[in-house]
Amino acid sequence: MYRYSEFDTAFLAERNKQFRAQVERRIDGSLTEDEFKPFRLMNGLYLQLHAYMLRVAIPYGTLSSAQMRQLALLAEKWDKGYGHFTTRQNIQYNWPKLNDVPDMLDALAEVGMHAIQTSGNTIRNVTADHFAGAAADEIADPRPYAELLRQWSTDHPEFQFMPRKFKIAITGSENDRAVIKAHDIGLQLVERDGVLGARVIVGGGLGRTPMIGKELSDFVAFDDLLAYLEATVSVWNQIGRRDNKYKARIKITVHENGIDTIRAKVNERFLQVRPQFKGADMTLLDEIKTHFAAPAFREGSVASFESAYTNDPVFRSWVDTNIAPHKNADHAIVTISIKKHGATPGDATAEQMRVMADLAEEFAYDELRISHEQNVILPHVHKSDLPAIHAKLKEYELATANIGLISDIIACPGMDYCALATARSIPVAQEIATRFDDLKLEHDIGHLKIKISGCINACGHHHVGHIGILGLDRAGVENYQITLGGDGTETAAIGDRTGPGFAYDEIVPAVERIVNTYLEQRDSPEEEFLQTYRRVGMAPFKAALYPEAQANAA
Amino acid sequence: MARAFTPKIVTANDLLEGDVIYLTEDDRWSRDLAEAELITDEAHAQVRLLDAARQANKIVGAYLADAVAGENGPEPTHFREDFRRTGPSNYAHGKQETATQPRA
């Protein structure tokens with residue numbers, strides 16, 4: 001876990017002091033809203049539909065128990081007793097008062113956290129595989145590099161006024177859990193001849209023009225990576241379009257110029273930038289790496305786990321869905337579902353946050369993670385502790401066994417909170433989860449990712465959902481478009497639109513028809529939704545969704 | 001042909017609370033849409049919007065929103081304004097709970 005240096009602490013204190021003064025000047029009338037808005041956005045403060053919203057960065061999704069407890073304190077003291085974990089590994093508070101925000105930022109600084117660059121046209125919070133440092137399938141922990149990127153990008157003078165925002169994701173595994181192909185830059189750690197480096201993907205992104213990222217380089221050694229990334233961002237900063245905000249993201253620059261042209265420009269710029277990097281970054285990286293050393297994994301019998309697994313069907317079901325393999329065979333990765341059926345995806349109460357912090361402290365080497373799928377992870381747990389963890393989670397409605405299933409839905413805040421939204425997302429997610437829980441079909445359906453966005457900006461990642469739902473305003477009424485076959489992993493794909501959208505009260509039945517079609521079409525219970533869709537294509541789903549169109553065509 | 005003017009209300013967010021507020025005929029800011037001044041004249045609407053924008057130290061982001069006359073005062077014509085006057089649908093927060101009035 002990264003511990004702030006004196007420099008980090010002093011920098012943050014100075015920033016918070018500046019913002020406190022800016023808030024005071026806004027309230028006493030010396031700053032207009034037009035003057036104040038860029039300042040508040042630089043510090044993660046938005047004005048949403050019903051209130052302000054403070055977006056706090058959780059760099060690469062990693063938290064200590066003390067940090068999680070502080071997030072709970074903020075929720076209780078200055079908000080309405082809960083926080084919302086987002087698809088970018090941030091936490092959002094939906095109800096802060098302008099007067100209180102400087103105190104909230106000071107409280108965050110006490111535990112080495114901030115809201116800097118969670119908004120605006122800057123390099124945003126760097127996200128990472130939520131299983132980083134624990135996954136059985138990774139070649140190296142990507143978080144030290146992510147922390148280096150955080151330090152490099154924070155207040156980087158060249159990158160404060162870019163054409164648009166810029167998002168970087170990083171993973172250490174071939175199995176992509178960080179959606180790297182849907183980011184402006186995606187990094188996959190790879191090793192070549194004993195040297196650690198990264199494969200660099202560029203120009204991915206969702207939003208109104210969804211694109212899968214393209215390979216900019218198949219390998220850049222760590223020694224050169226920061227210079228290479230600086231070259232990449234700077235090429236875009238120079239030639240990216242500033243005339244039209246919808247065409248300003250690097251995905252459009254890559255699309256319009258072609259990946260080969262971009263690569264040539266980056267290589268040229270890299271030669272200029274490279275001499276400025278004289279190895280200080282690698283010295284810093286070595287220092288950062290010591291913060292992320294793996295804990296001393298305890299040894300012990302796993303017999304109590306095996307006996308609970310055999311004898312307790314509820315525990316077994318939870319283990320089967322919510323536990324992932326750890327690099328240490330006696331350990332496991334626990335995903336705590338923040339998606340109880342009918343609850344708001346990603347919302348946790350202050351009490352739940354404290355319970356998770358306590359569990360992390362007692363059983364999980366003091367570490368927690370937030371996933372882009374809006375769940376909380378205990379990355380290192382000895383298997384013998386799983387029954388006790390499960391028992392505690394049950395008491396606080398945190399033991400839902402649904403990870404990767406139909407009710408483990410990603411949903412953006414939608415029009416219940418967001419000023420940009422064109423329709424609601426949360427109630428659609430709640431109703432889908434409740435419906436399939438009532439049908440008791442969830443475990444039979446198996447691995448199926450539903451992702452819902454309440455507008456074209458796609459914070460809910462609908463394009464890469466196996467079933468994607470996009471809420472729109474169609475002539476003053478909420479209307480939901482469906483896409484099928486999206487995929488956010490290493491085999492990334494943008495979903496295909498089924499056809500005309502559905503009204504608010506038609507969307508849950510439409511999803512049910514899609515799922516029933518899958519159950520009819522799959523060739524065995526082992527064939528997952530996405531595999532079936534890839535095998536049979538859109539036609540049977542279309543027939544189930546639009547029977548009238550089929551009848552007319554006949 | 002110019003589009004016919006449809007009735008409007010002036011709405012904004014309170015500077016400190018962030019809450020949705022409406023301009024009333026007697027120059028107060030109310031949290032309740034039903035108390036808003038329903039404006040049926042286009043020129044008057046522009047004047048009232050200017051009146052609102054001048055109060056930059058109380059409010060943020062004033063704009064004109066469509067509304068219609070209802071039994072108890074103005075009512076929204078679009079679902080976005082309906083959500084703004086009510087609060088979120090997943091919790092009884094915002095205007096669905098008792099809260100202090102913004103500074104008038």
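**Strands, helices and a chain contact**

Reply: Gladly! Strand 2 (residues 52-57) of chain A and strand 5 (residues 90-93) of chain A pair in the antiparallel sense over four bridges. This is a predicted model, in which local features need pLDDT of at least 70, side-chain atom pairs count only at pLDDT 80 or more, and totals for chains, interfaces and linings use all residues. Residues are numbered from 1 along each chain as its sequence is written, while chains are lettered from A and ligands numbered from 1 in the order in which they are written.

Me: What makes strand 2 and strand 5 of chain A a pair?

Reply: Two strands pair if DSSP finds at least two bridges between them, and here there are four bridges. Arg55(A), for instance, has Gln92(A) of strand 5 as its bridge partner. Strands themselves are DSSP runs (E, at least two residues), and helices are too (H or I, at least four), numbered from the N terminus.

Me: Why is one side of strand 1 and of strand 13 of chain A left without a neighbour in the sheet?

Reply: The open sheet has the order 1-2-5-4-13 in chain A. Strand 1 (45-47) and strand 13 (347-349) stand at the edges with a single partner strand each, so one side of each has no neighbour there.

Me: Why is helix 1 of chain A called roughly antiparallel to helix 4 of chain A?

Reply: Helix 1 (residues 6-27) and helix 4 (residues 101-110) of chain A pack at about 175°, with axes 9 Å apart. Angles run from 0 to 180 degrees between N-to-C directions, with axes fitted to C-alpha atoms, for helices over the stretch in contact. Over 145 degrees counts as roughly antiparallel (under 35 is roughly parallel, 65 to 115 roughly perpendicular, the rest oblique), so helix 1 of chain A is roughly antiparallel to helix 4 of chain A.
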